[in-house]
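Subject: Structure for handover

Dear colleague,

Here is the structure I said I would pass on.

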Amino acid sequence: MAASSSIISISSASLFTPKIQCLPKHNKDHDHVPIPSSSSFTTHASLKISRPTTTFGITTTTTRLNVPPRRLSCSASASSSSTLPSALLFDCDGVLVDTEKDGHRISFNQTFQERELGVTWDVDLYGELLKIGGGKERMTAYFNKVGWPANAPTGEQERKEFIASLHKQKTELFMALIEKKLLPLRPGVAKIIDQAFAQGVQVAVCSTSNEKAVSAIVSFLLGPERAEKIKIFAGDVVPRKKPDPAIYLLAASTLNVEPSRCVVVEDSAIGLAAAKAAGMTCIVTKSGYTADEDFLNADAVFDCIGDPPEERFDLAFCGSLLEKQYVS
């Protein structure tokens with residue numbers, strides 16, 4: 001798209017169909033591909049089906065839509081919509097920054113090495129572990145499955161303290177990476193946040209990661225002026241982590257907005273499940289680990305937010321997704 005005011009807008013006829021998924025064309029030779037000015041995309045809409053999955057002994061349920069697809073016309077024209085979200089809520093890892101493979105995983109492995117645990121999480125294994133929300137929960141599930149290290153304690157409370165100490169050490173290593181700005185913001189993140197601020201839309205980050213790590217990402221990569229306007233909900237601020245909707249419901253309550261007026265940007269199936277369970281509109285921007293996950297329940301799916309001239313969507317597009325909730 002040639003101008004920052006251009007977006008991918010859904011045609012008015014599509015507003016009568018709930019839960020639309022608009023996927024950009026994908027070019028395997030490039031990570032970020034501009035969307036043509038006028039294209040057709042496949043959409044999906046149907047009844048919900050609960051599908052339980054188990055990873056390292058933890059069972060989660062995702063919700064999907066499953067109906068023969070139809071065609072939807074999407075064009076890169078400026079939106080005439082005046083509807084805007086009350087709040088724009090972001091996941092952190094994989095959404096603001098693609099942190100998992102070369103950030104969190106590296107920091108976990110460095111911690112395991114320094115503590116002489118004899119454990120290494122390779123790229124594929126860590127991808128499976130990401131289906132479990134939260135670093136402490138991830139480590140606990142892994143050790144429960146494969147066996148605890150020889151130098152780990154045996155008592156339940158002592159093991160909780162052991163995991164907490166590992167996670168604290170890992171967070172410090174991860175924050176050092178962020179402070180050195182070795183991991184960049186994903187395309188379009190700063191742009192759409194600035195658009196939200198300009199329109200008086202509240203912005204928050206809702207993550208299962210440690211609060212210090214999330215705050216470091218927001219502060220160092222988005223800058224202090226943006227950071228002071230962004231509310232952070234992270235770590236153990238809620239007793240149950242994604243795919244439970246608790247963190248998104250807490251955000252809506254704290255910001256004093258209706259969940260139905262919130263638009264969430266997520267990158268994973270468990271994050272999508274949390275947002276939809278909270279009654280919120282959810283856009284997925286796929287990340288390195290989540291490209292092949294099931295996002296049929298998302299309101300829209302893209303490879304990134306994108307900056308001009310390769311912009312995928314903007315704040316006005318978020319508003320257009322909310323509009324269809326009120327069309328009958």
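This is a predicted model: local features need pLDDT of at least 70, side-chain atom pairs count only at pLDDT 80 or more; totals for chains, interfaces and linings use all residues.

Residues are numbered from 1 along each chain as its sequence is written, and side-chain values use heavy atoms, with hydrogens and water left out.

Cavity

A search of the whole structure finds one cavity of 30 Å³ or more. Here a cavity is a set of points, on a 1 Å grid over the protein atoms alone, where a 1.4 Å probe fits but cannot get out; lining residues have an atom within 4 Å of a point. The largest cavity holds about 310 Å³ of space, where volume is the space filled by probe spheres set on the points, and grid points are joined across faces, edges and corners. Its lining consists of 28 residues, and D93, E100, L130, R138 and T208 lie nearest the centre. By class there are six nonpolar, twelve polar and ten charged residues in that lining; Ala, Val, Leu, Ile, Met, Phe, Trp, Tyr, Cys and Pro count as nonpolar, Asp, Glu, Lys and Arg as charged, and the others, Gly among them, as polar. Helix 1, helix 2 (123-129), helix 3, helix 4 and helix 9 (269-277) each supply at least two lining residues, and helix 1 gives the most, with three. Helices (H or I, at least four residues) and strands (E, at least two) are DSSP runs, numbered from the N terminus.

H104

H104 sits in helix 1 (residues 100-114). The residue is buried, at a relative accessible area of 2%; buried means under 20%, exposed over 50% and partly exposed in between (1.4 Å probe, protein chains only). Leaving out residues up to four places away in sequence, H104 touches D93, T99, Y126, K170, F174 and S209, a contact being heavy atoms within 4.5 Å. With D93, the side chain of H104 makes a polar contact of 2.7 Å. That term means a pair of N or O atoms within 3.5 Å; within protein, one must be able to donate a hydrogen and the other to accept it, and residues adjacent in sequence count only if both atoms are side-chain atoms.

Helix 4 (residues 156-179) has 24 residues and should span 34 Å at 1.5 Å a residue; its end C-alpha atoms are 35 Å apart, which agrees. The expected span is 1.5 Å times one less than the number of residues. Buried residues of helix 4 include F162, L166, K170 and F174, and its buried residues pack against helix 1, helix 3 (135-146) and helix 6 (211-222). Just after helix 4, K181 takes a positive phi of about 55°.

Just after helix 6, G223 has a positive phi of about 95°.

Two loop residues

R312 lies in the loop between strand 11 (300-302) and helix 10 (315-323). R312 is buried, at 0% relative accessible area, and its side chain reaches the backbone oxygen of E310 at 2.3 Å.

P85 is in the loop between strand 5 (70-75) and strand 6 (87-90) and counts as buried at 4% relative accessibility.

Regards

Technical notes. On a 1 Å grid over the protein atoms alone, a cavity is a set of points where a 1.4 Å probe fits but cannot get out, and a pocket is an open set with protein on both sides within 12 Å along at least five of seven lines; lining residues have an atom within 4 Å of a point.
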